[in-house]
Amino acid sequence: MSDNLVAGGTRFARTVGRYVNHDDVLVRFASLWVVVAAAFTVAWVGSYAFLPQGLLRAGNPGATADYAGSVASEFLRLFAWNVGVTLVAIAANTFRSVNTPLGYVLLVVQAPGYGAIWGTGSLAVGTGARIAPSLSVLVARSGPLEITAIVAVVVATRGVMVWHQASGPRWREEFERVRSPREWSLTRREWVVLAVGYLLLAVANYREATAIARIAG
């Protein structure tokens with residue numbers, strides 16, 4: 001029985017890996033978005049049900065930062081912060097383990113933390129209430145759009161590899177330099193997805209800035 005579960009889990013992981021690393025950037029985007037959304041949702045529901053309210057507030061920079069004083073200033077602060085997050089993820093993509101860029105791993109690891117922030121009500125200034133899991137919340141708030149934007153940026157820049165780990169075990173094998181940044185290239189479709197990703201990020205951050213202004217201003 002356990003062998004069957006392990007074999008099934010391995011097949012599932014390989015299937016997921018094949019889709020999130022697909023040659024078509026739109027397939028990569030849809031597949032990684034589903035993985036990240038699932039990780040976020042599980043953490044959101046679990047933290048809402050079982051974790052104390054406000055538990056992660058002290059460790060959330062967005063919750064502890066002062067209001068910037070205007071919608072424009074708040075937008076620029078939020079957008080600069082999130083662009084920095086995307087640049088870290090793009091830099092992580094320069095490392096690839098077998099077929100998976102490290103930027104993918106960062107997104108999947110961070111998603112549960114963001115979901116837990118929602119579930120425990122550890123968001124920005126003045127919004128200390130828990131966010132009850134519901135589909136309407138996903139449409140009303142800027143967070144899901146922000147996550148979608150970052151996923152788009154990361155999948156569009158999958159090809160910016162420099163260091164590669166050819167095989168496992170991943171915790172033991174070394175990375176070898178296999179490419180120079182001068183060899184990087186994006187397809188036309190990847191450039192479009194990248195541009196749309198940053199546009200969505202700007203829209204999400206502006207929505208968030210106006211929401212914070214209504215509360216704090």
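Author: Let us begin with a charged pair: Arg189 forms a salt bridge with Asp24, and their closest N and O atoms are 3.3 Å apart. A salt bridge here is a side-chain nitrogen of Lys or Arg within 4 Å of a carboxyl oxygen of Asp or Glu. Arg189 lies in helix α8 (residues 188-216) and Asp24 in the loop between α1 and α2, so the pair ties together parts that are 165 residues apart in sequence. This is a predicted model, in which local features need pLDDT of at least 70 and side-chain atom pairs count only at pLDDT 80 or more, while totals for chains, interfaces and linings use all residues. Residues are numbered from 1 along each chain as its sequence is written, and side-chain values use heavy atoms, with hydrogens and water left out.

Reader: How many salt bridges does a search of the whole structure find?

Author: The search finds 3 salt bridges. In another of them the side chains of Arg28 and Glu190 meet at 2.8 Å, N to O, and this pair links distant parts of the chain, with Arg28 in helix α2 and Glu190 in helix α8, 162 residues apart. Glu74 also forms a salt bridge with Arg77, with the closest N and O atoms 2.3 Å apart; both lie in helix α4 (residues 71-92), 3 residues apart, which is about one turn of the helix.

Reader: Are Arg28 and Glu190 buried or exposed?

Author: Arg28 is buried, with a relative accessible area of 3%, and Glu190 is buried too, at 12%. Buried means under 20% relative accessible area, exposed means over 50%, and partly exposed is in between, using a 1.4 Å probe and protein chains only. On that scale Arg189 is partly exposed at 44%, and Asp24 is partly exposed at 26%.

Reader: And what about Glu74 and Arg77?

Author: Glu74 counts as buried at 1% relative accessibility, whereas Arg77, at 30%, counts as partly exposed.

Reader: Changing topic, which residues have the most contacts inside the largest nonpolar core?

Author: They are Leu32, Val36, Leu107, Trp118, Val151 and Val155, in a core of 30 residues. Such a core is a set of buried Ala, Val, Leu, Ile, Met, Phe, Trp, Tyr and Cys residues joined through side-chain atoms within 4.5 Å. The elements giving two or more residues to this core are α2, α4, α5, α7 (143-156) and α8, and α7 gives the most, with 9 residues.

Reader: What is Leu107 in contact with, leaving aside its neighbours within four places in sequence?

Author: Leu107 is in contact with Leu32, Val36, Ile150, Val151 and Val154, where contact means heavy atoms within 4.5 Å.

Reader: Which elements make up the protein, then?

Author: There are 8 helices and 4 strands, taken as DSSP runs numbered from the N terminus, with helices being H or I of at least four residues and strands E of at least two. From the N terminus on, the elements run α-α-α-α-β-β-α-α-α-β-β-α.

Reader: How much of the protein counts as buried?

Author: Of its 217 residues, 35% count as buried.
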